Amino acid sequence: MRALHPHHVLHRPLGPQAHADDPERGQCPVPALSHHGHQRPMLLQTATLLGVLVLGFGYFWLLVPSPEARLQQLGLFCSTFTISMYLSPLADLAKVIQTKSTQRLSFSLTIATLLTSASWTLYGFQLRDPYIMVPNLPGILTSFIRLWLFWKYSQGRDRNYPLLQT
């Protein structure tokens, strides 16, 4: 069995080169993209957000005695997280415009977000529940912005980030 360096992954290439490096197994090592430098800040950011979530729920269950007030404040808390989730894909907006490529955006996720947000907004409208309606409106808006970007720019190759060639 072949030993692998930690910075390599196994894959099965397609085409005539499929068995070039290892005819028995059809696999060859390919350098993996290294994200070790970006891992620590991402883990810290995730841990911080989870901490905020745990502190928020702790606050609601321990310090807000009234069930009605707890429900109102919890709805506002959850709405804030939902809105931030829908706005997060727009962080790549400047890069999409700069590169004139939507390669970093997911078309299927954009459609799923639009359909899900519209469904929840209509459901919240039927219930007259602002905690369902309001947080899902940004999902509809950001989906239309991303659809416009798909229309304006092709999903072609990003000049600054070439695809990994095997």
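This is a predicted model: local features need pLDDT of at least 70, side-chain atom pairs count only at pLDDT 80 or more; totals for chains, interfaces and linings use all residues.
Local features require pLDDT of at least 70 and side-chain atom pairs pLDDT 80 or more, whereas totals for chains, interfaces and linings use all residues. Residues are numbered from 1 along each chain as its sequence is written, and side-chain values use heavy atoms, with hydrogens and water left out.

Begin with the entire protein chain, coloured by secondary structure. Five helices and two strands are present (DSSP runs, H or I of at least four residues for helices and E of at least two for strands, numbered from the N terminus). Their order from the N terminus is β-β-α-α-α-α-α. Of the 166 residues, 25% count as buried (under 20% relative accessible area, 1.4 Å probe, protein chains only).

Next, select residues 67–87, helix H2, and residues 130–152, helix H5; their axes come within 9 Å and cross at roughly 5° (axes are lines fitted to C-alpha atoms over the stretch in contact, with angles from 0 to 180 degrees between N-to-C directions). The two helices are therefore roughly parallel, a term for angles under 35 degrees. Display the side chains of the contact (heavy atoms within 4.5 Å): H2 contributes residues including Leu76, Ile83 and Tyr86, and H5 residues including Tyr131, Pro135 and Thr142.

Finally, select Val96, Leu105, Leu149, Phe150 and Tyr153, the largest nonpolar core (buried Ala, Val, Leu, Ile, Met, Phe, Trp, Tyr and Cys residues joined through side-chain atoms within 4.5 Å). Centre on Tyr153: leaving aside residues up to four places away in sequence, Tyr153 touches Val96, Ile97, Lys100, Ser101 and Thr102.

Terms used
Angles under 35 degrees count as roughly parallel, over 145 as roughly antiparallel, 65 to 115 as roughly perpendicular and the rest as oblique. Buried means under 20% relative accessible area, exposed over 50%, partly exposed in between (1.4 Å probe, protein chains only).
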